[in-house]
Amino acid sequence: MALMTGEQYIESLRRIDTKVYLFGEKISDWVDHPLIRPSINSVAITYDLAHDPEHADLMTAVSNLTGKRVNRFTHLHQSREDLINKVKMQRLLGQKTASCFQRCVGMDAFNAVYSTTYEIDEKHGTRYHENFKNYLLHVQENDLTVDGAMTDPKGDRALPPSRQKDPDIFLRIVEKRGDGIVVRGAKAHQTGSINSHEHLVMPTIALAEADKSYAVSFACPSDAEGLFMIYGRQSSDTRKTEQFAGIDVGNKNFGGQEALVVFDNVFIPNDRIFLCEEWEFAGMLVERFAGYHRQSYGGCKVGVGDALIGAAALVADYNGANKASHVKDKLIEMTHLNETLYSCGIACSCEGYPTKAGNYQIDLLLANVCKQNVTRFPYEIVRLAEDIAGGLMVTMPSDADFRSGEVVPTESRLTVGEWCHKFFQGNAETPTENRQRLLRFIENICLGAAAVGYRTESMHGAGSPQAQRVMIARQGNIDGKKKLAKDLAGIRDS
Ligand code: SF4
Ligand code: FE
């Protein structure tokens with residue numbers, strides 16, 4: 001069943017016995033839970049747009065494995081054009097959801113595991129690549145959403161996995177059997193994990209031989225025995241459960257999601273194993289996945305940035321401040337920063353190259369520069385949006401106050417709602433409710449639930465800033481640049 005609709009995707013989640021814990025309890029109705037549903041809607045739109053004639057070319061691609069059209073989120077990039085289209089698709093979805101739509105982690109993991117397994121097999125004579133191709137056929141055929149799971153909790157950052165006090169703090173192989181392996185540990189901050197049909201697990205750092213039991217990559221379904229998830233809360237999340245939450249939530253329909261995914265002795269059959277103790281390949285897998293996901297941020301965050309810039313421009317209209325030259329200049333600055341991020345996402349795609357396995361890898365240096373900029377520019381874009389929006393974004397009464405019919409016993413005999421509408425009017429042509437909605441929308445991205453995706457995820461998602469700086473140092477070819485300087489200056493080493 002290739003190319004599900006959003007509704008079919010949502011129904012498919014109901015058929016999985018995913019164990020979800022939220023506020024200390026196991027919840028059975030997680031698909032319809034008000035805290036979780038917006039994040040499911042964000043993934044659902046990745047399915048719906050694949051059926052939209054306007055976007056189908058961007059949202060789908062022809063599988064190199066089957067020759068059939070598949071959702072681009074399950075595709076192995078076959079060209080630089082595929083890499084560019086990936087970024088364009090992510091910008092589009094950021095614009096449509098103004099949040100994290102979660103499905104990219106799986107796509108980035110597919111491409112990294114595909115090329116790395118090829119090279120492991122080449123060295124060790126293993127059959128991981130065949131295993132992975134068969135797995136991806138299953139993903140493409142069923143149009144699955146997969147959690148690309150890399151980040152371990154990591155414990156004491158000064159110690160390697162095997163020297164941690166708790167040996168489970170990095171996910172590891174605890175038993176090798178004839179028919180498979182048993183794994184134990186956890187993956188933290190897992191974007192879209194609850195909304196995923198399956199999990200594709202990878203190591204989180206380059207490993208030494210002493211840590212070889214931590215060198216493991218595999219896939220398993222969300223309802224595998226021994227697997228459960230604990231939902232990560234977001235700022236202002238309980239607004240979603242309030243009676244009149246519509247306006248106060250800011251972005252009622254869409255959101256992102258992260259969770260802790262725990263593997264308590266989960267059995268993985270042989271045909272779903274893609275790395276098992278070949279420790280010297282952990283670094284390659286991490287580098288490739290991180291590279292793809294750092295490229296991704298040059299698309300998704302730009303799309304969210306588009307929505308935020310639009311909101312800032314609109315609120316300037318509502319406030320009657322749109323003619324002020326400093327406001328116009330701030331909008332120019334926001335656009336400049338946002339398009340710089342996009343340029344980086346496109347550039348690392350244009351400089352992509354084929355791997356030994358045949359799929360295309362992005363330019364690692366430019367992808368790391370892209371993500372390094374993402375750790376900074378959205379913060380500046382948010383600062384400017386808050387500047388233009390004004391303080392009312394964080395001091396405005398609740399929507400319940402705007403709706404209140406309770407008469408305040410003063411001389412005017414106006415209701416609480418009437419007082420709110422009287423004093424929170426901007427320009428006379430704009431209904432107060434429009435201004436209220438817009439300010440809450442900006443609040444949602446800048447410091448509410450969506451700030452997880454636009455701010456802190458920009459900092460730490462796909463690796464914290466220092467991780468990119470390490471890669472930039474490795475890829476930056478300083479020696480080559482020294483040689484340029486020497487040649488130009490006429491310096492000859494004696
Ligand atoms: Fe996709 Fe961006 Fe969310 Fe990562 S942060 S899953 S790239 S939308
Ligand atoms: Fe992310």
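Keep in mind that the model is predicted: local features need pLDDT of at least 70, side-chain atom pairs count only at pLDDT 80 or more, and totals for chains, interfaces and linings use all residues. Residues are numbered from 1 along each chain as its sequence is written, chains are lettered from A and ligands numbered from 1 in the order in which they are written, and side-chain values use heavy atoms, with hydrogens and water left out.

Let's start with an open sheet of four strands, in the order S5-S8-S9-S12, with mixed pairing. A strand here is a DSSP run of E with at least two residues, a helix is a run of H or I with at least four, and both are numbered from the N terminus. Two strands pair if DSSP finds at least two bridges between them. Strands S5 (146-149) and S12 (273-276) stand at the edges with a single partner strand each, so one side of each has no neighbour in the sheet. On average, neighbouring strands of this sheet are turned by 20° against each other, ignoring direction. Such angles run from 0 to 180 degrees between N-to-C directions, with axes fitted as lines to C-alpha atoms, for helices over the stretch in contact.

Now look at S9 (residues 216-221). S8 (residues 198-201) runs antiparallel to S9, and four bridges join the two. Glu198 has Pro221 as its bridge partner, while Leu200 has Ala219. S9 also runs antiparallel to S12, joined by three bridges, and here Phe218 stands opposite Ile273. How many of the six residues of S9 are buried? Five are, where buried means under 20% relative accessible area, exposed means over 50%, and partly exposed is in between (1.4 Å probe, protein chains only).

What lies across these strands? Helix H5 (residues 104-124) lies across S5, S8, S9 and S12, at about 60° to S5. Helix H6 (residues 128-142) packs on the sheet too, touching S5, S8, S9 and S12, and its direction makes about 145° with that of S12. Touching, or contact, means heavy atoms within 4.5 Å.

Next come the nonpolar cores. A core is a set of buried Ala, Val, Leu, Ile, Met, Phe, Trp, Tyr and Cys residues joined through side-chain atoms within 4.5 Å. The largest one has 76 residues, and those touching the most other members are Trp30, Phe110, Phe132, Val183, Leu200, Phe218 and Phe263. H5 gives the largest share, seven residues. Why does this core lie between domain 1 (6-278) and domain 2 (287-483)? Because both domains give residues to it; the bounds come from an automatic or database domain assignment. Leaving out residues up to four places away in sequence, Phe132 touches Phe110, Val113, Tyr114, Thr117, Leu200 and Phe274. Another core, of 59 residues, lies apart from the largest one and includes Phe101 and Tyr318.

Finally, there's an open sheet of six strands, S2-S1-S10-S11-S7-S6, also with mixed pairing. S2 (25-27) and S6 are its edge strands, each pairing on one side only. S1 (residues 20-22) and S10 (residues 227-231) pair in the parallel sense over two bridges, with Val20 opposite Met229. Over in S6 (residues 172-177) you'll find Arg172. The side chains of Arg172 and Asp168 make a polar contact of 2.8 Å.

Conventions
A polar contact is a pair of N or O atoms within 3.5 Å; within protein, one must be able to donate a hydrogen and the other to accept it, and residues adjacent in sequence count only if both atoms are side-chain atoms.
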